[in-house]
Amino acid sequence: MQIRIFKPTEEQIKEAESWPIWKKEVCEFPYQYGEEETFYVVEGKAEVTTPTQTVEFKKGDVVIMPSGLSCTWKIIKPIKKHYKFG
């Protein structure tokens, strides 16, 4: 179960901009994904740690979190992202 991070195309950015927005202040919290989540980071920076990897993502990244993933989020700079599940 690997987290995937990539730079989106202009078309992918336009699609992501129609998704809901989630914002979070600097903090740390555990999270379990019940289904796959794809999100586009508009602002901020975060680190996610799983039993097998630690990844960092920031403004301009698209991240795909797999279904069933247990992790700990560490928000380094207040984050704002467009997201979708499924």
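**Note on aromatic and nonpolar packing**

1. Trp22, Phe29, Phe39, Phe57 and Trp73 are joined into a cluster by ring pairs. The model under discussion is predicted. Eight aromatic pairs occur in the structure.

2. Among these aromatic pairs is the one formed by Tyr31 and Tyr33, with an edge-to-face arrangement: the centres are 4.7 Å apart and the planes make an angle of 70 degrees. Tyr31 has a relative accessible area of 35% and is partly exposed, whereas Tyr33 is buried at 2%. Tyr33 is classed as buried because its value falls under 20% relative accessible area.

3. The charged end of Lys81 is placed over the ring of Trp22, at 4.7 Å from its centre. Lys24 lies over the face of Phe29, with a distance of 5.6 Å from the ring centre.

4. The largest nonpolar core comprises 16 residues, and Ile3, Phe39, Val48, Phe57, Met65, Trp73 and Ile79 are those with the most contacts inside it. At least two residues of this core come from each of strand S4 (37-49), strand S5 (54-58), strand S6 (62-65) and strand S7 (70-85). Another core, of five residues, lies apart from it and includes Ile13, Ala16, Trp19 and Tyr40.

5. Leaving aside residues up to four places away in sequence, Phe39 touches Trp19, Phe57, Asp61, Val62, Val63, Met65, Trp73, Lys81, His82 and Tyr83.

How values were computed. Residues numbered from 1 in each chain as written. Predicted model: local features only at pLDDT ≥ 70, side-chain atom pairs only at ≥ 80, totals over all residues. Heavy atoms only, no water. Core = buried A, V, L, I, M, F, W, Y, C linked by side-chain atoms within 4.5 Å. Buried < 20%, exposed > 50% of the residue type's maximum accessible area, 1.4 Å probe, protein only. Helix = DSSP H or I, 4+ residues; strand = E, 2+ residues; numbered from the N terminus. Contact = heavy atoms within 4.5 Å. Phe/Tyr/Trp six-rings, centres within 6.5 Å; stacked < 30°, edge-to-face > 60°. Lys NZ or Arg CZ within 6 Å of the ring centre and 35° of its normal.
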